[in-house]
Amino acid sequence: MESLNKPKLISFELCPFVQRSVIVLKEKNVDFDLEYIDLFNKPQWFQKISPLGKAPVLLINGQAIFESAVIAELLDEVYLPKLHPVDPYLKAKNRAWIEFGSSAIITLFMACTANSKEGFDQMREKTLGMLATLDREVKGPYFNGEDFSLLDTAYAPFFMRISKLEEMYPLNLLNQFQCLQSWSKSLLARKSVISSEIPDYVEKFKTLLEKKGSYLMTISEK
C-alpha cells in the first residue's frame with residue numbers, strides 16, 4: 001500500500017459525527033490534524049470541498065472525503081487494525097445500524113434544541129422509541145458481542161451526549177434499557193472515547209442551547 005499523508009479532519013467543535021472519525025483514528029493510533037470551523041459562518045473554501053455543506057470532511061492523499069460513515073469506512077480500509085466485521089452479512093447489518101445511529105443522533109439533537117415543551121416531549125418520545133428498538137439488538141458488552149467494531153465508534157458520541165445530558169437534566173433516557181446502559185458504560189470507558197471529548201464540552205453545549213432558545217434551558221439542572 002502506498003504511503004499515506006497525515007489525515008486532516010475539518011468540522012465544528014460540537015459535531016458528534018467528527019467525533020466518530022476521531023475515535024476511529026485513535027483506535028488505530030494514527031496521528032492526525034483537526035481543524036474547527038464556525039458552523040454558523042462556514043468559509044467559502046469549506047463549501048468547495050463539502051458539496052452538501054456538511055461536516056466532517058476528511059482531507060487525505062489530496063482527496064476530500066465527506067459523510068462520516070464513508071470517512072469511517074475509508075479509515076478502516078487504509079489503517080489497521082480492522083474494525084468492521086469480516087463476515088459480509090454481519091458487516092451489512094452493522095452498516096444499516098450505523099445509519100440508524102445517525103438518525104438517533106439527529107433526533108436527540110432535535111429534542112435538545114426544541115424551543116417548546118411540546119416539541120421537546122415529542123422528540124424525547126421519538127428518541128425513547130429508537131432506544132427501545134436499539135436495546136433489542138445489542139449483544140453486549142459491545143453491539144456485536146465481545147469485539148469492539150466500527151459500529152461502536154459510531155454510537156459512542158451518541159451515548160456520550162446522553163451521559164452529559166443526564167448529568168445536567170433529569171431526562172432518564174436510559175433508565176429502562178439495561179442492555180444500552182451496559183453498552184454505554186463499555187463505550188464510555190474506552191481510552192479512545194474519553195480522549196475524543198473536546199474540552200469544556202458541557203459549557204459549549206449550553207451556549208449552543210442558549211443560541212437555539214432551547215426548552216431545556218428552562219428546566220432546573222440537577
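In this predicted model, Ile 10 has Val 57 in S3 as its bridge partner. That bridge belongs to the pairing of strand S1, residues 8-11, with strand S3, residues 57-60, which is antiparallel and comprises three bridges. Strands of a sheet pair through backbone hydrogen bonds, in either a parallel or an antiparallel sense.

The two strands form part of an open sheet of four strands, ordered S2-S1-S3-S4, in which the pairing is mixed. Strand S2 (33-36) and strand S4 (63-66) are the edge strands, each of them pairing on one side only. On average, and with direction ignored, neighbouring strands of this sheet are turned by 20° against each other.

Helices pack against this sheet. Helix H1, residues 16-27, lies across S1 and S2 and runs at about 160° to S1. Helix H3, residues 68-78, packs on the sheet as well, where it touches S1, S3 and S4, and its direction makes about 125° with that of S4.

The domain assignment divides the protein chain into domain 1 (8-78) and domain 2 (88-218). The centres of the two domains, taken over C-alpha atoms, are separated by 20 Å. Across the boundary, 18 residues of domain 1 are in contact with 27 residues of domain 2.

Two packed helices are described by the angle between their axes and the distance between the axes. For H1 and helix H6 (residues 150-168), the axes come within 9 Å and cross at roughly 130°. The crossing in which H1 passes H6 is right-handed. On the H1 side, the residues that meet H6 are Pro 16, Gln 19, Arg 20, Ile 23 and Val 24; their counterparts in H6 include Leu 150, Ala 154, Pro 157 and Met 160. By class, this contact of H1 with H6 consists of eight nonpolar, two polar and two charged residues.

H4 passes H5 in a left-handed crossing. Among the residues that meet here are Trp 97, Phe 100 and Leu 108 in H4, and Phe 120, Met 123 and Leu 134 in H5. The contact of H4 with H5 divides into ten nonpolar, four polar and two charged residues.

Notes. Residues are numbered from 1 along each chain as its sequence is written. This is a predicted model: local features need pLDDT of at least 70, side-chain atom pairs count only at pLDDT 80 or more; totals for chains, interfaces and linings use all residues. Side-chain values use heavy atoms; hydrogens and water are left out. Two strands pair if DSSP finds at least two bridges between them. Axes are lines fitted to C-alpha atoms, for helices over the stretch in contact, and angles run from 0 to 180 degrees between N-to-C directions. Contact means heavy atoms within 4.5 Å. A crossing is left-handed if the near helix is turned anticlockwise from the far one by less than a right angle, and right-handed if clockwise. Ala, Val, Leu, Ile, Met, Phe, Trp, Tyr, Cys and Pro count as nonpolar, Asp, Glu, Lys and Arg as charged, and the others, Gly among them, as polar. Domain bounds come from an automatic or database domain assignment.
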